[in-house]
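Me: Could you take me through the charged pairs in this one? I'd like to keep the structure open while we talk.

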Amino acid sequence: MDKIDPERALVLSYASARARLGTAALLALDDQLGQILRTTREPMVGQMRLTWWHEALINLDTAPPPAEPVLRALAAEVLPRGVSGTLLAGMIDAWQLLLDSDTPDDATLEGYALRGVILFGAIGTLLGAQPGDPVAPAGRGWALADLARHVGDDAVASRAAALAELALAAATKGRWSAKARALGAMAHLARMDLAVPLGQPIRRGAPNRVGRLLWHRMTGR
């Protein structure tokens with residue numbers, strides 16, 4: 001990310017000191033993959049770049065990382081905590097679905113949403129999330145809400161937003177455990193994003209948004 005996101009910084013502060021660097025590394029990986037999609041106009045070029053990352057992540061399980069900052073951070077802060085590079089490579093399989101020129105249907109959108117399920121699952125492992133924490137629906141809804149804000153097709157954006165709302169409603173209706181509230185905060189942020197009409201800017205760091213996150217940190221709701 002080119003500039004500091006105040007909400008990202010607040011979410012990271014909810015993670016334990018032991019898990020914070022790993023959480024940041026996982027989010028940086030997702031940022032990197034998203035940047036590939038945003039800056040690639042030719043699907044074949046995008047496929048090649050994603051394939052490089054796919055292979056590099058799998059190789060982390062058996063070899064030292066190359067001189068790439070995100071991969072080095074993952075090797076140092078994430079893999080020793082029980083998250084494999086092979087698991088993280090599954091995020092790329094989800095991102096690749098967006099390279100298809102056809103308009104994605106609901107099945108494709110759900111396949112893409114595995115990006116968030118894997119990401120949130122990995123972060124949950126670092127944080128020590130509990131079995132009752134709705135990690136998977138939170139990740140699914142977060143990924144779909146993010147797509148809804150960035151995809152150029154209004155029909156796809158609307159469908160992604162509708163699917164995201166269903167998942168995020170499930171993810172935010174209960175109480176998150178104390179250790180996993182960084183993920184709960186991300187789910188609440190995604191739901192607040194959905195409340196902003198598509199095409200209008202989101203006021204990140206606005207008092208009402210920060211206040212909602214602080215309430216979640218205190219209560220888990």
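**Salt bridges**

Reply: Counting a side-chain nitrogen of Lys or Arg within 4 Å of a carboxyl oxygen of Asp or Glu as a salt bridge, the total is 10 salt bridges. This is a predicted model, in which local features need pLDDT of at least 70, side-chain atom pairs count only at pLDDT 80 or more, and totals for chains, interfaces and linings use all residues. Residues are numbered from 1 along each chain as its sequence is written, and side-chain values use heavy atoms, with hydrogens and water left out.

Me: Which residue does glutamate 7 pair with at 3.3 Å?

Reply: That partner is arginine 204, with 3.3 Å between the closest N and O atoms. The two are 197 residues apart, glutamate 7 being in helix α1 (residues 6–14) and arginine 204 in the loop between α10 and α11; helices here are DSSP runs of H or I, at least four residues, numbered from the N terminus.

Me: And is glutamate 7 buried or exposed?

Reply: Glutamate 7 is buried, at 2% relative accessibility, whereas arginine 204 is partly exposed at 39%; buried means under 20% relative accessible area, exposed over 50%, and partly exposed in between, with a 1.4 Å probe and protein chains only.

Me: What about arginine 115, what does it bridge to?

Reply: Arginine 115 pairs with aspartate 30, the closest N and O atoms lying 2.6 Å apart. Arginine 115 belongs to helix α7 (residues 114–127) and aspartate 30 to helix α2 (residues 17–39), so this bridge ties together parts 85 residues apart in sequence.
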